[in-house]
Amino acid sequence: MVSVARIQPDEGETHYHVRAGTEGAIIDAENFNLFYGRKQALFDITLSVPRGLVCALIGPSGCGKSTFLRCLNRMNDLIDNVTINGTMRIEGRDLYDPGIDVIALRKRMGMVFQKPNPFPMSIFENVVYPLRIDGVRDRNLLEETCERALRGAALWDEAKDRLKESALSLSGGQQQRLCIARAIAADPEVLLMDEPCSALDPIATSKIEELIDELKGRYTIIIVTHNMQQAARVSDNTAFMYLGRLIEFGETEIMFTAPKVTKTLDYVTGRFG
Amino acid sequence: MPPDSGLALTPTAAPRGASRPTDLLARGEPFLWGLGGALGFGVMMIAGFLLLVLWNGIATFYPRPIHVVTLVNGDVLAGEPTRTESFRPPAAEVAALPPSTQVTVATKLGFADRTLYRTGNFDLYGDDFRWVTDYAIARITTPPDLYLFERLEWGPFIGRIKSVDLAGATFDAGGIPLERLAVAHDEARRRWRQIREIEHDEIGRVNQQIESERLALRKMELGAGAHTPEYTDAAGRTEARVAAMTREYEGLAARAAALKAENARYTIALADIKGREKLLPLAEIMRFYPANDLSIFGKLGVYVSRWGEFLTAEPREANTEGGVFPAIFGTFAMTLLMVIAVAPFGVITALYLREYATQGRLVSVVRISVNNLAGVPSIVYGVFGLGFFAYIVGGTIDEVFFPERLPNPTFGTGGLLWSALTLALLTVPVVIVATEEALAAVPRSVREGSLACGASKWQTIRRIVLPRAMPGIMTGLILAMARGAGEVAPLMLVGVVKLAPELPIDGIFPYIHFERSFMHLGFHIYDVGFQSRNSEAGKPMVFVTTLLLIALVALMNATAIMVRNRLKQKFSGSQF
């Protein structure tokens with residue numbers, strides 16, 4: 001790697017094009033560190049994600065993108081030996097405040113995973129799962145939600161006649177859209193997407209990308225992706241991470257055309273990663 | 001390298017690779033033969049075992065011809081040939097034979113064949129079976145007028161019908177109206193069943209009521225004391241009720257006696273091959289047939305009727321004859337109860353171990369201990385079940401709830417419930433291990449999906465993990481069931497008995513009698529084969545009962561597997 005020689009001496013410093021203020025930001029991280037046991041995985045992340053926009057997290061494998069994403073709905077709680085410090089806020093409220101209701105928090109954050117993970121039940125039951133766990137019994141409300149979520153995930157036309165069939169009978173791309181429908185069924189504020197297209201073929205991928213475009217505005221979307229073109233196509237802001245640090249954050253257009261840090265340039269132009 | 005390769009033909013260039021053929025060991029073929037051979041050997045053993053049981057079990061009830069064997073010494077016997085074997089007769093016996101026979105034996109290297117005849121007529125001669133050596137036989141005939149009578153007592157009778165007395169109308173050997181005899185026999189059997197019903201069910205019910213009245217009074221005595229006015233009052237009422245029941249009892253007994261008197265008017269006189277006679281009431285004959293004069297349909301009729309009796313009737317003759325219905329029922333009820341007990345216990349334990357407990361040293365120790373429990377000899381569980389369940393738990397239950405019955409134990413002795421619980425304990429490691437594996441196999445991604453939707457851990461387990469793990473859990477239960485249904489040793493200590501015609505479920509309140517001892521097919525095999533007066537007579541029953549036990553276990557497993565596969569189908573869509 002030629003670029004190693006050109007790493008800037010002040011690597012710990014993040015370069016911001018626009019320092020989004022806390023107002024207008026829905027998620028707000030400040031000097032956020034995370035350790036797996038003794039190994040530090042995130043270093044001093046300070047980042048404000050603006051409401052209603054799409055924010056892409058890019059960076060080479062192991063740079064902490066997914067870890068950061070999973071901190072937002074506290075999925076890292078499931079892993080033993082994780083410790084954090086620093087602050088992470090959603091709408092000004094500390095996510096890691098001991099008094100916070102994690103379950104309520106997760107309901108505000110829909111999450112879509114790398115591989116489609118539909119539940120082994122019917123399509124209908126998959127979509128209304130978030131309502132079911134809240135104990136909703138009202139048939140009309142469930143059906144209404146199901147249709148709204150499936151329409152929102154652009155799956156309604158394909159699935160409306162087979163709602164009673166097993167979700168596992170859908171194709172991979174359809175399954176992933178089903179997972180998106182499930183994630184938006186409870187009407188969250190934020191949609192977290194962890195490489196949602198990495199297991200899909202190009203056609204399914206383009207459908208998901210169109211969908212992200214449509215969902216923009218209604219939800220704040222944070223998407224982790226390995227695919228630079230995808231980040232360029234779908235996002236408004238892009239954060240570049242490297243070895244657990246946030247290197248550069250700014251508008252996507254600038255990030256991909258005129259980044260300020262050489263490392264970012266090297267990565268987006270494909271010189272490493 | 002093929003021989004026609006140009007390269008190989010040129011003497012200067014040695015063919016590459018041909019110089020050193022690949023080592024046989026390296027190619028692994030000897031191992032392959034070994035592995036395949038081991039599999040083949042295993043399959044052969046299982047197939048051989050099943051075939052043996054199947055053949056012996058299926059053939060047992062088929063009626064055999066009756067041979068009349070006249071011996072060289074003038075003796076005569078009649079019986080069904082059961083099996084033939086080669087043996088070495090004692091030298092003194094051979095020396096006493098005529099010279100030509102001696103030569104025959106000598107050409108067979110001192111061996112001779114002998115046949116085992118089932119001669120029946122135990123009451124006349126004191127044995128059921130007789131070995132007959134080939135060279136001792138002068139003549140074998142199969143006369144068509146020989147009958148085989150299956151009796152309620154003394155085993156089969158082989159002989160001729162001498163005369164019949166059908167309520168005063170007597171017929172002699174020449175002119176027996178067989179159809180009328182058959183009708184009279186059916187009616188006598190029907191009356192016999194009525195008698196049994198009265199004696200067993202109705203009189204049993206009345207006795208039960210009298211006993212419960214007595215117990216209620218005793219309870220009162222224990223509670224209020226024997227000299228209180230309430231007690232005297234209750235005693236008076238009880239006496240009146242008991243008197244009414246006694247009258248009912250007498251009425252029933254009179255009905256039974258009338259039927260018995262009617263049955264006594266139908267008799268049949270039999271004569272065995274040597275002319276010794278026997279007079280039998282018609283009602284005491286299960287079935288009879290002319291063994292040498294039976295069409296193929298007649299034989300099949302006897303075959304089916306014997307199977308019917310075997311599957312639905314109670315045992316007779318120290319379990320060597322009759323049916324095994326109580327044993328089938330007991331095995332089934334006990335296994336079902338065991339599964340009901342073991343399923344929640346094992347699944348809950350595994351859930352806690354896998355999903356909630358902090359995976360540390362303590363959990364490892366627990367897990368190893370659970371696995372080791374599977375290796376404890378089953379008789380140890382029997383001892384534990386008897387000591388803990390029957391004596392401690394059952395004894396306490398008796399003291400608290402059934403003090404009036406003491407010193408007779410109710411729950412304080414072996415019974416259906418304690419057997420089921422003991423076997424549940426025996427099989428719980430299997431369920432725990434299988435469930436843990438099934439839980440571990442539920443993909444993390446699906447769990448995370450559920451948690452990310454805002455489900456709590458318990459909701460995730462209940463709605464996602466458990467349904468998904470259900471086929472694996474079912475597999476564990478199937479294994480446990482198979483093990484439990486075939487287990488005998490611990491049951492001998494905690495509730496299985498040789499003969500228990502009273503089923504653990506009947507029409508008397510509270511309908512399911514958990515405290516009753518019961519019969520079990522596995523124990524039945526042991527009892528018939530090794531504990532009966534006549535092991536030769538019991539042998540066919542051993543095979544039939546074994547066949548039945550295997551069939552029952554296979555049936556229960558097949559049902560469980562079907563349920564599991566239907567569950568599996570839900571999850572077998574595209575795995576993407």
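In this predicted model, Glu448(B) is buried, with a relative accessible area of 7%. The residue sits in helix α14 of chain B. Beyond its neighbours within four places in sequence, Glu448(B) is in contact with Arg70(A), Met75(A), Leu78(A) and Phe113(A). With Arg70(A), Glu448(B) forms a salt bridge, and the closest N and O atoms lie 2.5 Å apart. The two side chains are also listed as a polar contact, at 2.5 Å. Side chains of opposite charge can pair when their charged atoms come close.

The pair belongs to the contact between the two chains. One salt bridge is counted between chain B and chain A. Polar contacts there number five residue pairs, with both residues at pLDDT 80 or more. On chain B, the elements that give two or more residues to the side touching chain A are α14 (444-452), α15 (457-486) and α18 (535-571). Helix α14(B) gives the most, with eight residues. By class, this side of chain B divides into eight nonpolar, nine polar and five charged residues. The contact takes 22 residues from chain B and 28 residues from chain A.

The size of an interface is often given as the accessible area lost when the parts come together. Here, chain B and chain A bury about 2100 Å² between them. Carbon and sulfur atoms account for 63% of that area.

Glu91(A) lies in the loop between β5 and β6 (93-94) of chain A, and Arg51(A) in the loop between β3 (39-50) and β4 (54-58), so the pair ties together parts that are 40 residues apart in sequence. Both ends have some accessibility. Glu91(A) is partly exposed at 38% relative accessibility, and Arg51(A) is partly exposed at 46%.

A salt bridge in chain B also spans a stretch of sequence. Arg130(B) pairs with Asp75(B), the closest N and O atoms being 3.1 Å apart. Arg130(B) is in strand β4 (residues 129-133) of chain B, while Asp75(B) is in the loop between β1 (67-71) and β2 (76-87), so this pair ties together parts that are 55 residues apart in sequence. Arg130(B) counts as partly exposed at 27% relative accessibility. Asp75(B) is partly exposed too, with a relative accessible area of 23%. In chain A, salt bridges that share partners join Arg51(A), Glu91(A), Arg108(A) and Glu189(A) into one network.

Asp77(A) is partly exposed, at 36% relative accessibility. Arg74(A), in contrast, is buried, with a relative accessible area of 14%. Arg74(A) is placed in the loop between α1 (65-72) and β5 (82-90) of chain A. Its phi is near 55°, a positive value in a residue other than glycine. Most residues other than glycine have a negative phi, and most peptide bonds are trans.

Asn121(B) also has a positive phi, near 50°, and is likewise a residue other than glycine. This residue is found in the loop between β3 (112-118) and α6 (122-125) of chain B. Asn121(B) is buried, with a relative accessible area of 3%.

The structure holds zero disulfides over all chains. Cys55(A) is buried, with a relative accessible area of 1%. Cys71(A) also has its closest cysteine sulfur in Cys63(A), at 13 Å, so this distance too is too far for a bond. Cys71(A) counts as buried, at 0% relative accessibility.

Notes. Residues numbered from 1 in each chain as written. Chains lettered and ligands numbered in written order. Predicted model: local features only at pLDDT ≥ 70, side-chain atom pairs only at ≥ 80, totals over all residues. Heavy atoms only, no water. Contact = heavy atoms within 4.5 Å. Buried area = accessible area lost by both parts, 1.4 Å probe. Salt bridge = Lys/Arg side-chain N within 4 Å of Asp/Glu carboxyl O. Polar contact = N/O pair within 3.5 Å; in protein donor to acceptor, adjacent residues only side chain to side chain. Helix = DSSP H or I, 4+ residues; strand = E, 2+ residues; numbered from the N terminus. Nonpolar A, V, L, I, M, F, W, Y, C, P; charged D, E, K, R; others polar. Buried < 20%, exposed > 50% of the residue type's maximum accessible area, 1.4 Å probe, protein only. Disulfide = S-S within 2.5 Å.
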